[in-house]
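Please read them with the structure open.

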Amino acid sequence: MLRFVSQRVALGALVVVGVVALTFVIARVIPGDPAVTYAGPHATAATIAAARRELGLDKPVIVQLLDYLKGIFSGSWGTSYRTHHKVLSDLGTALPASIELVVAGIVIAVVLGLPFGLLAARFPGKSVDLLVRVVSVIGVSMPVFWLALILQRLLSGDLHWLPTAGLYNPNLYYTHPLTSYTNIPVLDALITGNFAVLGSALSHLVLPALVVAAYPAGLIARMVRASVLETLGESHVRMTRALGFAERALFTRYALRPALNPVVQVIALVFAYSLANTFLVEAVFDWPGLGSYAANSLEALDTPAVMGVTLIVAITYVVLNLAVDIVQAILDPRIRVS
Amino acid sequence: MSLIVRELRIGFGERTVVEIDELQVGDGEIVGLVGESGSGKSVTSLALIGLARSAGAWVEGSIQLDGRELTSLDEAQWRQLRGDRIAMIFQSPVSSLNPVFRVGDLFVRALRLHGATKAEARDRAARAMREVVLSPELLRRYPHQLSGGQAQRVAIAMAVALRARVLLADEPTSALDVTVQAEILELIQRMRREEGISVLFVSHDLAVVAGLCDRVAIMQSGQIVETGPTAATLRAPTHPYTQGLVAAIPRLGGTHA
Amino acid sequence: MTVTVPSGSLARGRALRVLRAGRSNPTLAAGSVVLAIVVIIAVFAPLLAPFPADAGNATHPTQVLLAPSSAHWFGTDEVGRDVLTRVMYGGRTSLEIVVAVLAIAAAIGIPLGLIAGYFGGVVDQVIMRVTDIFLAFPALLLSLAIASVLQPSVGHMILAIAVTWWPWYTRLVRGEAASVVRRPYVESARTLGVSHRRIIIRHVLPNAATPVLVQISMDAGGVLLTAAAISFLGLGAQDPTCEWGLMVSQGATYFTTNWWYATFPGIAILITAMAFNLIGDGVRERLDPKRVLSR
């Protein structure tokens with residue numbers, strides 16, 4: 001098992017380095033002068049030249065890349081040209097907000113998708129099955145940004161059931177200021193017992209999380225259905241029935257566990273996918289997460305920030321894949337040998 | 001326990017695939033059901049444990065276990081019987097065990113399903129393993145860590161531990177090496193001798209059946225074309241299909257009989 | 001002797017076969033019907049659309065932001081253009097994009113996969129590492145990065161998406177190629193002196209073709225949604241090009257008071273994506289039922 005894990009980690013590290021190099025190359029192709037952005041709108045030629053020296057832009061490209069790589073491992077991810085904060089600290093506030101959103105979305109997606117997928121597999125060909133299949137196709141075909149707009153207008157604008165945008169009610173900054181440990185509002189509010197913020201944060205989370213959940217829910221439902229149906233055709237299911245176990249036991253344990261393998265993989269993939277796609281949801285709901293940060297950085301040609309975002313996303317992807325591999329190896333002992 | 005089948009009809013949709021007028025497995029008897037693939041022998045054995053319907057087939061006729069009519073049972077009653085009175089073992093023994101559970105885990109759960117306590121179940125499982133000449137240590141393994149022969153012994157051990165009276169064996173040795181095959185066959189004979197289990201042995205291999213079964217029933221296209229005591233039937237087959245099967249058995253030292 | 005078959009019965013036979021195929025694979029049938037409608041509307045847009053001029057730069061200051069009516073079924077936009085017309089023309093853009101992206105991605109990905117799988121060794125390792133790196137970039141992010149480097153346009157967007165899409169095909173084809181290479185008939189072909197190129201084209205490619213076709217049909221919906229998303233963020237199609245994602249973002253500004261502007265293009269995206277996905281499902285059921293549902 002240990003060899004399995006260390007092998008995967010090594011491969012992952014390789015991929016991350018590759019990603020960094022690739023992004024660096026792309027960043028160097030971006031026209032426009034970062035020194036200008038850094039120096040600000042009222043810069044003179046002198047200040048721009050000084051900025052260039054300060055940012056290390058006068059050194060050869062390879063040196064810049066190596067410096068950057070060295071910097072990453074020592075924890076210095078550069079300074080944003082736009083916000084003038086350290087990129088790591090910017091990411092430290094942006095990433096948790098996105099994670100809050102995506103985790104909430106995936107949780108909703110699993111809670112909805114798993115049971116309905118099971119239901120569809122339990123009664124294949126019946127109306128439940130058809131309904132689940134139709135709704136899941138709609139889920140995976142839905143343009144996320146459009147769903148966001150529609151739900152926002154309907155549930156917030158027209159019916160006033162839920163708030164429109166933002167992490168939580170801004171008035172609470174003054175009345176119930178939140179101390180941040182994790183920078184995840186819901187978590188911090190829970191830890192510090194700040195129930196006013198907790199309530200507000202949760203109600204602000206519902207709408208965007210639902211939008212994020214649409215695609216994963218559809219995908220998970222389809223995946224569960226397909227996987228369970230396939231498992232039901234395998235020999236060991238016949239044996240399980242021959243031993244006297246009920247259909248229900250199959251669906252809650254004996255057929256479900258082997259069937260979960262590909263589903264776990266899909267959940268991880270879709271988590272990574274959703275993390276990247278929070279762009280769209282964050283844009284509509286004014287959510288100050290990774291997506292907004294990346295969009296603003298791209299617009300401003302803020303190379304260190306863009307690099308930071310890419311790096312974080314690549315690392316997340318690699319870590320997630322690793323986690324999936326490990327979970328799968330736990331769930332299915334056959335995998336540990338390969 | 002005896003199994004008496006009369007007027008059994010099994011089909012899928014419009015197609016009738018099995019039409020058996022009579023088939024009997026007496027108490028403590030080993031009966032062979034022989035036929036090629038597609039003859040309907042496998043679905044017949046599934047019907048005898050009530051699993052033909054979950055394979056999509058319809059079943060009509062009479063199946064009596066010691067006089068009790070099984071075709072009128074509901075699903076809950078069938079579930080009590082399965083494993084407990086009637087057990088089944090399959091081809092591909094390793095794939096027939098749930099891959100994500102340790103073998104002993106499934107074993108114990110099956111025993112507890114039929115009423116044993118955890119301690120009883122563990123005890124009976126270990127004892128059954130010894131009876132089939134396997135170390136109880138193997139219960140800690142996963143199915144893919146067992147050989148085909150070992151896995152099939154485990155399946156038989158489960159039948160023994162559950163105290164099944166009838167064993168339906170669907171091609172249990174077809175996927176095994178010849179030497180391992182012989183061991184499994186010997187094990188089945190011992191189970192009959194020591195526990196008095198009645199066995200329906202389904203196979204396409206007449207040579208295997210010849211060495212094991214008291215009586216044999218030959219199946220072709222869903223119907224039983226010949227039946228009788230093994231030695232007599234195979235020595236002097238009356239039906240042309242049986243004659244063909246017998247003629248095809250390879251013999252040492254020469255061509256066919 | 002010639003046999004004359006009444007032409008009516010030939011046509012009837014063909015129709016019956018199509019119907020029977022439709023009944024056995026309703027997903028494929030449903031998706032195909034919807035897609036056919038979309039394609040017809042897109043292709044014949046210049047003829048079918050009520051105000052073809054509105055697909056471009058026309059402005060009608062007197063009919064700005066009109067609600068749906070019998071004259072303008074989908075209403076008008078902020079410069080007075082008929083939304084229905086623009087949605088119809090948007091179909092052309094979308095289909096263009098999907099076809100172009102998949103063609104380019106396949107053209108890059110398939111040969112790379114064939115080479116990697118067939119030759120193995122160092123070549124394989126290098127190609128697969130590069131593929132892994134591209135795979136670690138989520139499609140949207142890389143597309144956005146590229147799109148922000150080049151001037152936003154439909155063409156550049158197509159390029160950007162294709163660049164993120166090819167790795168999947170490489171991986172897929174490489175797997176198939178690697179397994180075909182080990183088969184005895186390939187070995188014997190090689191000992192007979194058959195050239196690598198011949199073996200790849202004659203033996204490896206046909207075997208790899210099926211899973212790739214299935215994947216391509218499953219990807220069409222995803223490409224459409226990605227393109228719409230990029231345009232929504234302003235990094236893809238630009239006005240006056242009719243693109244559904246762009247129209248939704250344009251309509252978003254007026255959404256609270258003029259619901260039709262953003263709604264109808266969105267519905268168009270949904271329906272077309274559904275059609276693509278249903279076709280993808282149907283193709284997968286038919287050709288490759290054991291396939292894992294997602295990539």
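1. In this predicted model, B:E171 counts as buried because 21 C-beta neighbours lie inside 10 Å, and the cut-off for a buried residue is 20 or more. B:E171 sits in the loop between β7 and α6 of chain B, and its phi is positive, at about 50°, although the residue is not a glycine. Most residues other than glycine have a negative phi.

2. Strand β7 of chain B, which spans residues 166–170, is mostly covered, with five of its five residues buried. B:V166, B:L168 and B:D170 point one way from this strand, while B:L167 and B:A169 point the other way, and all of them are buried.

3. Which strands pair with β7(B)? Strand β6 of chain B (residues 86–89) pairs with β7(B) in the parallel sense over four bridges, and here B:I89 has B:A169 of β7(B) as its bridge partner. Strand β8 of chain B (residues 198–203) also runs parallel to β7(B) and is joined to it by five bridges, with B:L200 in β8(B) as the bridge partner of B:L168.

4. In chain C, please look at C:L65, which has a positive phi of about 50° although it is not a glycine. C:L65 lies in the loop between α3 (45–48) and α4 (83–119) of chain C, and it is partly exposed because 16 other C-beta atoms are within 10 Å.

Notes. Residues numbered from 1 in each chain as written. Chains lettered and ligands numbered in written order. Predicted model: local features only at pLDDT ≥ 70, side-chain atom pairs only at ≥ 80, totals over all residues. Buried ≥ 20, exposed ≤ 12 C-beta atoms within 10 Å, placed from the backbone. Helix = DSSP H or I, 4+ residues; strand = E, 2+ residues; numbered from the N terminus. Pairing = 2+ DSSP bridges.
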